[in-house]
Amino acid sequence: MKSTSALTRRGFMTGVAGAALSTPMLNRAWAAEPTVINMLAWYGHAEPDIVGEFEAANNVKFVPKYYAGGDNMLALIAQSPPGTYDLILSDAEFVQQLNAAGYIEQMDASLYPFDDFFPEYQHFPGHWVGDDLWSVMVRYGLLGVSYNTEALTREEAMSYNCFWNEKVKGKVGHFDWHLPNLGQMSLLMGNDKPSPFDISEDAWEAVQEKTMSLKPQVGGYFDYGGTFSSLKNGEMLAMCGIGDWITGVLQKDGAPVASVIPEEGGIQWTESYSIGKGTTKHDIINKFIQYMLSPEGQVKSIEMAAYPGLSPTKSGWKAIQATNPEEAKRSGMLEDSDQNPIKMYQEGRVHIRDIPRQQSLEDWNDFWSEYKTA
């Protein structure tokens, strides 16, 4: 969609073409270099399908630094001079650490449409300190059982126990990040209250033992690209630690894969925008966040080419139902869907991904390294 300002400039140029030839300084002003916004994010968030129209309408250029996993994100910021990143897309569970380390700035809550958010997401844990806002949720998704539909039935996939099924022996993969994988194992062990990430030492020992028992089934540990390709070519027939954010893209390509939230429950990943400490580009950054939370921006987010997501806003659900009803149905963003993410959250079947509460991140990461090399 062309902006009003762009149309006005075009009309003006047509009317004064002769005068413009004698005013080269004016032409150079109109062709000013775009404002650069340095973004730290998961892959896909600064690609043309998401930011292209905003860049064109506002004369900005996003320059991304992509990461995979919150630990990697924190390390990149720690290794960079203050002010390196204007806009930071973070997994929600790491916002508190960004805040504590002084990497992000407080945000003005009045600038964002929180009244349009579903009530469950209006005051999202970790994004607020009292009434002070530090991050704005822009999209989320669910992690459960991802599987090849020619190898496992939907009924079989409705429990994490399917990873031990003989039909997928040697072809169970892991997305190589400890939090989603061990969180799912924790749910399998019944640790749904208060959270699969808030467990006692005895429960943690049981999670480790159960995880180790899966080792004979495992065919590999994969990064973002490897997860896609191994499911697409059938190298892996089931995958731990992921969900529709991977299989949704593959389904569009015709691959026989799907994801479900099993009976033991699922885990919600949540992505949010924070303003990088020391930036001087607050106005344009806030405008971009507002754009991404608009119905138009939410449709782009839901349909992101890199990996799909769900909308935290009521208008986002209505927009995708109107513009792409098949995607709304496929992703469960229909009020009567059995995979409706809001309904599952209300029923306690979906748990927010978190950092370990009774162990350290290092404890979980150390075990994950031990498991991979066992």
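Modeller: What follows begins with the strand and then turns to the core.

The model is predicted, so local features need pLDDT of at least 70 and side-chain atom pairs count only at pLDDT 80 or more, whereas totals for chains, interfaces and linings use all residues. Residues are numbered from 1 along each chain as its sequence is written, and side-chain values use heavy atoms, with hydrogens and water left out.

Strand β8 covers residues 145-148; strands (E, at least two residues) and helices (H or I, at least four) are DSSP runs numbered from the N terminus. In a regular strand the side chains alternate between the two faces of the sheet. In β8 both faces are covered, with Val145 and Tyr147 on one side and Ser146 and Asn148 on the other all buried, where buried means under 20% relative accessible area, exposed over 50% and partly exposed in between (1.4 Å probe, protein chains only). Strands pair if DSSP finds at least two bridges between them: four bridges join β8 to the antiparallel β12 (residues 257-260), in which Val260 stands opposite Val145. Two bridges join β8 to β11 (residues 238-240), again antiparallel, with Ala238 of β11 opposite Tyr147.

As for the nonpolar packing, a core is a set of buried Ala, Val, Leu, Ile, Met, Phe, Trp, Tyr and Cys residues joined through side-chain atoms within 4.5 Å. The largest one has 116 residues, and Phe62, Trp245 and Phe288 have the most contacts inside it. Its largest share, seven residues, comes from helix α13 (residues 282-293). Leaving aside neighbours within four places in sequence, Phe62 has contacts (heavy atoms within 4.5 Å) that include Ile37, Leu87 and Phe288.
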